[in-house]
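Please look through the sequence and the model below before reading on. The paragraphs that follow begin with the rings and then turn to the strands, the chain as a whole and some single residues.

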Amino acid sequence: NIYVAASVTGTTEVGGAIGKYRSDVPEKISYVSAYQNGDNTVGYHFDITNSSPYKNCYIQGVIVGAGEKDKDGNRNSVSITAHDVTAGGIVGDISGSVIVSHCINYSPISNGKRYSNKGGGFGFGGIAGDLLRFDEQGRSPLLYYCVNTGDINADSIVGGVCGRICGNADNIYLNVQYCANYGTVTCNEKPNFPSNTGNCGGVVGEAWSSGVLIVGSANHGNIYANTSLHGLGGIAGVVGYDPHKAFDGVDEHNGVVIGCANTGRVENTSTSCDIGGIVGWLEEGDEDKGDASVLGSYNKGEIPTAGKKDKYYRGGIVGYVDRHAEIRYCLSFLEPSYDSGECDYIWGGEKGDYSIANNYMIDGPSRDYAGSVSKSNMNKKSSYPKFDLDNEYSYWKMKDGDPHPQIRYCPFQNATYNK
């Protein structure tokens, strides 16, 4: 393992280990002192071309913020700050065919002075700030088995694992797999940004691109916002792009979330935002194609903020569902504390045709799109016939003693962390 136990501060593209990584042109990465504030790319530089494990485009086993705990048990003396935009616990900005694997960030991340954050979307994330997909060969970065425990406090686009995923494609590419966040994620008011342009999520702040796939990841940190946003979600704020407007009707895959779990509170003091326990805003797909979906996921996180039902929405799984998008085989533990419609247990609002089926709600009203399971029966396999629990290819599994169905492949869904 490689340990980084020093604070890193800069303006843009700040990483606890690497400021900016381009797998197709690694020679352009230059060493920059961790304390130099005036350069655009800040971070400790490793020899990614000649030294294992980086010679095969891996960033692996990096632990940031691993210094000694203070008397209160905190590691806050080790921090990562980008005063302008884009910061990540391991790498600030990344693109090309690289795998960031088995990394941990303990450091808090912020955008500090925020002195020139004037527009555009730039990410702050516990592992990566911006994940820019597709090099010249059409390959895409992957965050794999990475964990963030540091608190993140920034504006614009904020995620517990990755701030922003961008770069469109006509096929689904795996971008985040088996990752987890335990830090508190806070998205603040954005200076000089238009309203409803930012996004915030427990794992990914914004995946406003086609071809995105987020799998088997979990958020256990609370998520707070105090500004108008496009989407706010326990796993992702926004998933997918608008293919018909962006690509003029070209047949494009969009965003998919599979087998993810959220237990963190999801709250925005502003009512100008769609909020979901898994995804805040799920973009549209192609009819009967299943390429804009939330599948086999559950939410236990509270969503206390009431929005305006005629414009902004709250849902236990997805806040707003665009046309031809799907929510299937999901489980909602949400108990709405506000009166804005029965469908808030699963989704809040929608546009056009959509497909929502084979879901379950704990103590919710039974509907054709979701069965109701009482708390007294939630530990019984027979309560979930649509989940096909004994099928090895199902999204779900359940054994004797489980309090409820478990996601088949989500390694951090029950893992705890004590700061």
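Rings of Phe, Tyr and Trp (for Trp, its six-membered ring) are said to pair if their centres lie within 6.5 Å, and a pair counts as stacked if the planes are under 30 degrees apart, as edge-to-face if they are over 60 degrees apart, and as tilted for the rest. With that rule, a search of the whole structure finds 17 aromatic pairs. In one of these, the ring centres of Y313 and Y320 are 5.9 Å apart and the planes stand at 40 degrees, so this pair is tilted. Both Y313 and Y320 are buried, where buried means under 20% relative accessible area, exposed means over 50%, and partly exposed is in between (1.4 Å probe, protein chains only). Another pair is formed by W347 and Y354, whose ring centres are 5.6 Å apart with planes at 55 degrees, so that pair is tilted. W347 counts as buried because its relative accessibility is 5%, whereas Y354 has a relative accessible area of 34% and is therefore partly exposed.

The model is predicted, so local features need pLDDT of at least 70 and side-chain atom pairs count only at pLDDT 80 or more, while totals for chains, interfaces and linings use all residues. Residues are numbered from 1 along each chain as its sequence is written, and side-chain values use heavy atoms, with hydrogens and water left out.

Ring pairs also link Y298, F333, Y360, Y384, F387 and W396 into a cluster. The face of F333, a member of this cluster, has K300 lying over it, at 5.2 Å from the ring centre. A charge is taken to sit over a ring if NZ of Lys or CZ of Arg is within 6 Å of the ring centre and within 35 degrees of the ring normal.

Next come the strands. Helices (H or I, at least four residues) and strands (E, at least two) are DSSP runs numbered from the N terminus, and the protein chain has one helix and 44 strands. Two strands pair if DSSP finds at least two bridges between them. An open sheet of nine strands, paired in parallel, has the order β3-β7-β12-β17-β22-β27-β32-β36-β39. At its edges stand β3 (18-22) and β39 (347-350), each of which has a single partner strand, so one side of each is left without a neighbour in the sheet. From one strand to the next the twist averages 10 degrees, where axes are lines fitted to C-alpha atoms (for helices over the stretch in contact) and angles run from 0 to 180 degrees between N-to-C directions.

Within this order, β12 (residues 128-132) and β17 (residues 162-166) run parallel and are joined by four bridges, and the bridge partner of D130 in β17 is R164. Elsewhere in the chain, two bridges join β10 (residues 109-110) to β15 (residues 152-155), which run parallel, and I109 has I152 as its bridge partner in β15. On to β20 (residues 185-188), β15 is joined by four bridges, and these two strands run parallel; here A154 stands opposite C187.

What share of the 419 residues in the protein chain is buried? Buried residues make up 61% of them. Contact means heavy atoms within 4.5 Å, and among the contacts in the chain with a separation of 6 or more, residues 24 or more positions apart account for 78%.

Some single residues complete the tour. S217 has its place in the loop between β23 (212-215) and β24 (218-219), and it is buried because its relative accessible area is 0%. Not counting residues up to four places away in sequence, S217 touches V176, Q177, Y178, C179, V203, I235, G259, C260, A261 and C410. I157, which lies in strand β16 (residues 157-159), is buried because its relative accessible area is 1%. I157 and E206 are 49 residues apart in sequence, and their C-alpha atoms are 6.4 Å apart in space.

Y329, in the loop between β37 (326-328) and β38 (331-332), has a positive phi of about 55 degrees although it is not a glycine. D388, in the loop between β42 (370-373) and β43 (396-397), has a positive phi of about 50 degrees and is likewise not a glycine. Y329 counts as partly exposed because its relative accessibility is 26%, and D388 is partly exposed, with a relative accessible area of 40%.
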